[in-house]
Amino acid sequence: MHDVTTPIDRAQFDVPGTSRGLLDVVRWRYLLTLLVRTGVTTRYRNSVLGWTWSYVRPGAQFLVFWLVMGVFLQLERGIPNYAIYLFSGIVCINLFNEAFKNSTTSIVGNAALVRKVYLPRQLFAVSSVVVAFVHFLPQLALLLVVCVFLGWIVNITIWTVLAVLAGVVILMLVAFGAGLFFGAINVRFRDAENIVELLLMLVTWASPVLYSWTMVQTAFAGAPWVTKVYLLNPITQAVELFHYAFWRPVTSAQIAELGLNPPPDLLLGTCWALLISLAMIVIGQSVFRRLEGKFAQDL
């Protein structure tokens with residue numbers, strides 16, 4: 001029993017409800033594991049096809065874009081192996097879209113927990129991004145199978161693997177930073193969800209998923225700064241990294257002939273994309289910390 005005459009060292013106790021920001025995500029990693037496990041296991045609960053939907057949905061999306069852009073608009077003639085080019089971009093966008101959308105709605109979606117108990121609210125956004133990554137893996141596996149069938153293994157290098165890793169990291173960091181920002185605002189103003197839906201619609205067309213980045217360069221030949229700004233988009237860099245890793249090895253013989261080389265200074269662009277992604281997390285975390293004190297009240 002504690003001696004009442006001995007002074008209590010209050011430094012060893014935490015003030016209830018005190019948040020340490022993203023550091024608490026590490027301290028509460030067990031809860032993070034539970035949230036990720038719940039998000040993964042409940043997505044296809046009571047579904048007949050189950051995890052098969054992870055293949056069906058991107059497959060249907062690919063088929064529509066391939067017919068419209070590749071066949072009807074004849075982009076397939078200007079971009080060899082257009083199917084690989086298109087699907088590698090779709091895989092990127094799907095990862096970003098799911099992570100961004102789910103992290104934006106993560107606080108509102110867990111309103112019951114936020115109102116009743118204290119826990120680091122960033123956990124919900126982090127778990128949303130991790131769950132999106134888990135759902136991204138079947139699509140990546142499908143892309144790998146097709147590329148291997150076309151001779152991908154023969155041409156891969158260490159840079160190929162690093163490009164995939166860098167692309168995934170950029171997508172997850174950007175989605176997390178933007179998700180923190182809009183997720184915090186969404187608690188007070190539900191218009192944020194509509195803004196995010198609009199951004200998700202635009203991001204597919206604002207990145208070289210359906211077309212080549214050289215088409216932007218050609219269209220704005222008189223204003224090269226537009227192309228430079230376009231290439232600063234972290235999502236653009238991530239998509240181009242996936243093209244470099246999956247499309248280039250199976251199309252290398254035709255790329256130089258058609259002038260479809262990767263953007264200049266792809267490595268430097270990747271570094272800039274990582275810095276911009278980290279800056280977005282800093283901004284998102286700053287806004288999140290400023291608003292999280294009123295989450296329970298606003299919900």
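Analyst: Let's begin with Val-209. Leaving aside neighbours within four places in sequence, Val-209 is in contact with Tyr-85, Leu-86, Gly-89, Ile-90, Ile-93, Thr-204 and Val-239, where contact means heavy atoms within 4.5 Å. This is a predicted model, in which local features need pLDDT of at least 70 and side-chain atom pairs count only at pLDDT 80 or more, while totals for chains, interfaces and linings use all residues. Residues are numbered from 1 along each chain as its sequence is written, and side-chain values use heavy atoms, with hydrogens and water left out.

Val-209 sits in the loop between α11 and α12 (213–219); helices here are DSSP runs of H or I with at least four residues, strands are runs of E with at least two, and both are numbered from the N terminus. Val-209 counts as buried because its relative accessible area is 0%; buried means under 20%, exposed over 50% and partly exposed in between, with a 1.4 Å probe and protein chains only. In space, Val-209 is 8.2 Å from Phe-87, C-alpha to C-alpha, though 122 residues separate the two in sequence.

Helix α11 (residues 191–205) packs with helix α10 (residues 158–188) at an angle of about 145 degrees, their axes 8 Å apart. Those axes are lines fitted to C-alpha atoms over the stretch in contact, and angles run from 0 to 180 degrees between N-to-C directions. From α10 come Phe-182, Ile-185 and Asn-186, and from α11 Ala-192, Glu-193, Ile-195, Val-196 and Leu-199.

Apart from neighbours within four places in sequence, Ser-277 is in contact with Ile-170, Leu-173, Val-174 and Pro-234. Ser-277 is buried too, since its relative accessible area is 0%.

Leu-67 counts as partly exposed because its relative accessibility is 33%.

Zooming out, the protein chain has 17 helices and 0 strands. Of its 299 residues, 45% count as buried. Among contacts between residues at least 6 apart in sequence, 81% join residues at least 24 apart.
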